[in-house]
Amino acid sequence: MTEVSVEVVQTSSLGDRSYLAHDGRVAIVVDPQRDIDRILALAGRLGVRITHVAETHVHNDYVSGGLALARLTGAAYLVAADDEVGFERRPVTDGDEISVSARIRLRVVATPGHTFHHLSYVLDDTGVPVGVFTGGSLLFGTTGRTDLLGKQHAHTLAEHQHASVRRLADLLPDGAQVWPTHGFGSFCSATQSDAPESTIGRERTANPALRLETDDFVEQNLAALDAYPAYYAHMGARNTAGADLIDLTPVTAADPAELAARIAAGEWVVDLRSRKAFAHRHLTGTLSFGLDGPMSTWLAWMAPWGAPITLLGDNPEQVADAQRELARIGIDRPAAAATGDPGQWAGGHEARLAALATATFADLAAARTGTPPHGLPAVDVLLDVRMSNEWRTDHIDGAIHIPLPDLPARLADVPAGTVWVHCGSGYRAAAATSLLQRAGRQVVHIDDAYPTAADAGLPIVAGT
């Protein structure tokens with residue numbers, strides 16, 4: 001008989017993973033994303049029937065596809081008994097055992113920390129533990145953050161997180177695989193790790209929760225926390241109520257007149273092309289959130305929740321990809337979309353097109369000495385839009401700091417004059433410069449990696 005296998009379904013744009021474990025006949029799915037067609041296609045390719053869907057916790061960073069998947073497949077939907085939800089589910093609690101097949105058994109382990117009612121699921125193959133689905137508890141080299149339910153609970157949950165991780169380590173052999181949901185760039189992770197996989201044994205040597213005593217772990221865990229996306233506030237309620245199937249059919253196409261009207265109304269009309277393409281030429285008043293970066297996270301964080309969003313892309317596939325990413329975090333239907341190039345979106349009116357000046361940190365260094373490279377304006381303001389933890393680590397002397405998510409509400413705080421904008425790699429700076437340009441400011445986008453700033457001779461100071 002086939003051994004139990006675990007397939008990973010990655011959602012790299014959100015830093016999450018879902019899992020499908022099967023024995024060649026039946027399968028269990030853990031923490032599925034909203035777009036369940038990926039899971040269904042995988043099960044179809046493997047020739048397995050999904051009989052159980054399990055949630056480790058009520059998610060804060062995405063809308064779960066668990067309820068829709070369970071309803072569609074007729075699978076049992078395993079959700080913590082202590083979570084009050086608005087739908088039928090199979091309530092599970094610490095110590096429960098679920099026989100999925102002759103080979104597969106799940107053991108439910110209470111692992112509070114990321115949330116109060118968080119669960120992990122130990123996967124047994126014919127009675128032998130082969131791994132554990134840890135959700136937002138034990139991650140690769142770190143743990144899930146503990147402040148998503150409010151800062152007032154962060155300390156208590158951090159203590160719970162420490163105890164939960166140690167409980168898993170005590171329950172499982174060193175060779176047991178660790179399968180977390182978060183931790184691959186997700187803001188649900190306390191810190192980040194580049195590890196592609198891990199085991200309990202590896203975590204014993206690498207994870208602070210297994211190396212530090214409680215007080216030291218709590219102090220380190222809380223100190224590492226930074227802001228998290230504002231849209232998280234809507235995810236828990238959506239998942240508690242239960243989300244139905246999503247509609248990924250193409251959205252209404254917008255012609256040049258409609259685009260002009262939406263821009264004039266101050267709506268968020270988003271250019272999904274690369275930031276270099278945006279800088280070269282774009283429709284005046286549009287915003288740069290390239291699909292080649294974490295578009296959905298930053299866009300949903302910054303745009304007013306529930307406001308209409310229009311998508312512009314090179315082709316229908318690009319718009320469809322963005323639509324899928326946004327649906328995962330609760331933006332179910334964009335208001336409109338257009339494909340092609342800026343000239344087409346402008347209806348052939350060159351006056352409705354704009355460009356964006358770009359520079360490197362070497363250009364910034366030269367401009368600060370009074371000799372800006374040809375075509376670039378002088379530096380009146382240097383704006384750093386990185387997150388607060390990045391700023392506190394170090395920053396360019398003389399810069400002002402407004403984290404990118406705060407910028408829409410703080411445009412008036414940017415001093416007068418030409419604004420040169422940087423972040424850590426160029427992606428966030430593109431969004432910031434487009435926002436400032438839309439507000440009528442003269443801007444320069446520093447499209448460069450922050451570590452090169454010191455190499456360019458710019459003075460770097462420690463933050464406060």
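Strand S8 (residues 104–110) is joined to strand S9 (residues 119–125) by seven bridges, and the two run antiparallel. The model is predicted.

- Ser 99 stands opposite Arg 105 in S8.
- Four residues lie between S7 and S8, which form a hairpin.

**The parallel sheet**

- Strands of a sheet pair through backbone hydrogen bonds, either parallel or antiparallel.
- Four strands make up an open sheet with parallel pairing, in the order S14-S12-S15-S16.
- The edges are strand S14 (287–288) and strand S16 (336–339); each has a single partner strand, so one side of each has no neighbour in the sheet.
- S14 is joined to strand S12 (residues 268–271) by two bridges, and these strands run parallel.
- Within this pair, Val 270 stands opposite Leu 287 in S14.

**The negative patch**

- Helix H6 (residues 214–223) supplies the largest share of the negative patch, with three residues.
- Asp 215 is located in helix H6.
- Asp 215 counts as exposed because its relative accessibility is 60%, and the cut-off for exposed is over 50%.

Technical notes
Residues numbered from 1 in each chain as written. Predicted model: local features only at pLDDT ≥ 70, side-chain atom pairs only at ≥ 80, totals over all residues. Heavy atoms only, no water. Buried < 20%, exposed > 50% of the residue type's maximum accessible area, 1.4 Å probe, protein only. Pairing = 2+ DSSP bridges.
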